[in-house]
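Dear colleague,

I am passing on the structure below, together with an account of what was found in it.

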Amino acid sequence: MSPERGPLAGRRIVVGVTGSIAAYKAVLLVRRLMERGATVDVALTRSAAAFVTPLTFASLTHRPVVSDVLDLDAEQQIAHIELAEAADAVVVAPATANVLAELAIGMASSSVTAIACASRAPVVVAPAMDAGMWTNPATQRNVATLREFGYLLVEPEVGSLASGLTGIGRLAEPGTIADTVERLFERAGDLEGLRVVVSAGGTREPIDPVRFIGNRSSGKMGTAIAEAARDRGATVTLIAGAMSVNPPPGVSVVNATTAQAMRQAVMREAPGADILVMAAAVADFAPKQASGRKIKRDGAELQVELVPNPDIIAEVAEMPTDIRPFLIGFAAESQDLEANAIGKLRDKGLDLIVGNVVGGPFDAIGSDENKVTVFGSEGALTDWPMLPKRQIAERLWDLIADRYRSARGPDGAQKEKAGRRPRAGSAGSRR
Ligand SMILES: Cc1cc2nc3c(=O)[nH]c(=O)nc-3n(C[C@H](O)[C@H](O)[C@H](O)COP(=O)(O)O)c2cc1C
């Protein structure tokens, strides 16, 4: 495939090089990625710079190299944060035993670990080391931890090592590492042509002009879902409740901070959309009457009467089939996750439900990661570990796209697009 059209075309990849004898192969990796159309930035650890100089990488990429975690870029911004945010993927190759350990405990003392730690993009790690270091239980435990975090490992190969011995630990070939990076983006475009609506964040039900009943939802999960759908080519509308994160660029945003406003927005956006993901935490109850004036303290007890809010997702489920989107709900349960989630899915007529346990020792609300299980009417469909929310979003879209196409046909054509609106143009790039 030509570099202009391949999965890496226009992608920004950060290659983090660490202090292994295999660092010279990172030069070839950078070339392979550039040949396939990627824009490559390089970060080096202090040890890596003793093997291959920043000059080599700077001349190859025509871009500044970040070799110190304290570096500022040309605009006086923190270089490792700028790169972490701009990256579509981070590739640590070669990765030393030392850097695997640092990543596994979240250290950020070098430019490479700081970028991997700060980035929300997928991180690919290609270890290279002596066989004894690779098989050491501490290294193996670190590798297992990184896998659990959702890092993508490119296994080292068996072959002759720098020590003169033959064994496992040799860096995978640059072409193999480039293939792995490329595969990250092959899914890009699989939602092309689909109109996706995602709700995110919490609602705030007013008591008076300054007080409300709300919840701690941050909007991070819904935002990650919207961002991932955008990156895969969908036209995305984000219905944003109260959120502690900014909506991603390249998606249409409708603000809706009360359950009633959220209902109105969903009822306007959902008809004719292909897929609706209701990740927002919509309050079940709202004060019956919000006071027009700020309620004064007068020493007396205050009773706030609550009335049930509309069940938005159930209302969407009842839409005529020609305009009803494929429907994914969320269930946050403090107990009996499976029974409650499947019960909710069946009662409300959803296609899929994403369940997570709240109120336990781990608090997913506001966190950057979560452990979720997706249920269909036949039961649990996934057994995923704790993952960063962006990676949950990617896995969710793999599953949703598959189920959507099984239910609606390869292009969703089975559904008569009665209420469908024209596409609002390209979804835009990730950042
Ligand atoms: C010649 C030489 C080759 C080395 N090769 C490796 C290697 O392949 N893998 C590894 O994990 N460490 C290797 N090391 C040790 C690392 O350079 C050392 O652990 C260093 O602290 C790694 O720093 P970094 O992870 O911040 O880059 C090598 C050291 C030397 C002197």
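**A87 and its surroundings**

A87 counts as buried, because 25 C-beta neighbours lie inside 10 Å and the threshold for that class is 20 or more. Please keep in mind throughout that this is a predicted model. A87 sits in the loop between α4 (79-86) and β3 (89-95), and, leaving aside residues up to four places away in sequence, it touches R12, I13, V14, S119 and A121. A87 and A38 are 49 residues apart in sequence, while their C-alpha atoms are 11 Å apart in space.

**Backbone geometry to check**

Most residues other than glycine have a negative phi, and most peptide bonds are trans. The peptide bond from A93 to P94, however, is cis, with omega near -10°, and P94 belongs to strand β3. H62, which is not a glycine, has a positive phi of about 60°; H62 is found in the loop between α3 (54-61) and α4, where it is exposed, with 9 other C-beta atoms within 10 Å. Q76 lies in the loop between α3 and α4, and Q76 too has a positive phi, of about 65°, although it is not a glycine. With 7 other C-beta atoms within 10 Å, Q76 is exposed.

**The nonpolar cores**

The largest nonpolar core has 60 residues, and those with the most contacts inside it are V196, V198, I225 and A229. V198, again without counting residues up to four places away in sequence, touches G222, I225, A226, A229, V236, L238, V277 and A279. There is also a second, separate core of 57 residues, which includes L33, A89, A172 and F185.

**The ligand shell**

Which residues are closest to the ligand? Of the 17 residues that surround the ligand, the closest are G19, S20, T45, T96 and M129. Helix α5 (residues 97-104) gives the most to this shell, with 3 residues.

Just after α8 comes G150, with a positive phi of about 95°.

For helix α14 (residues 389-408), the 20 residues should span 28 Å at 1.5 Å a residue, and the end C-alpha atoms are 27 Å apart, which agrees. The buried residues of α14 are K389, R390, Q391, I392, A393, L396, W397, I400 and Y404.

With kind regards

Technical notes
Residues numbered from 1 in each chain as written. Predicted model: local features only at pLDDT ≥ 70, side-chain atom pairs only at ≥ 80, totals over all residues. Core = buried A, V, L, I, M, F, W, Y, C linked by C-beta atoms within 7 Å. Buried ≥ 20, exposed ≤ 12 C-beta atoms within 10 Å, placed from the backbone. Contact = placed C-beta atoms within 7 Å. Near = placed C-beta within 6 Å. Helix = DSSP H or I, 4+ residues; strand = E, 2+ residues; numbered from the N terminus. Expected span 1.5 Å × (residues − 1).
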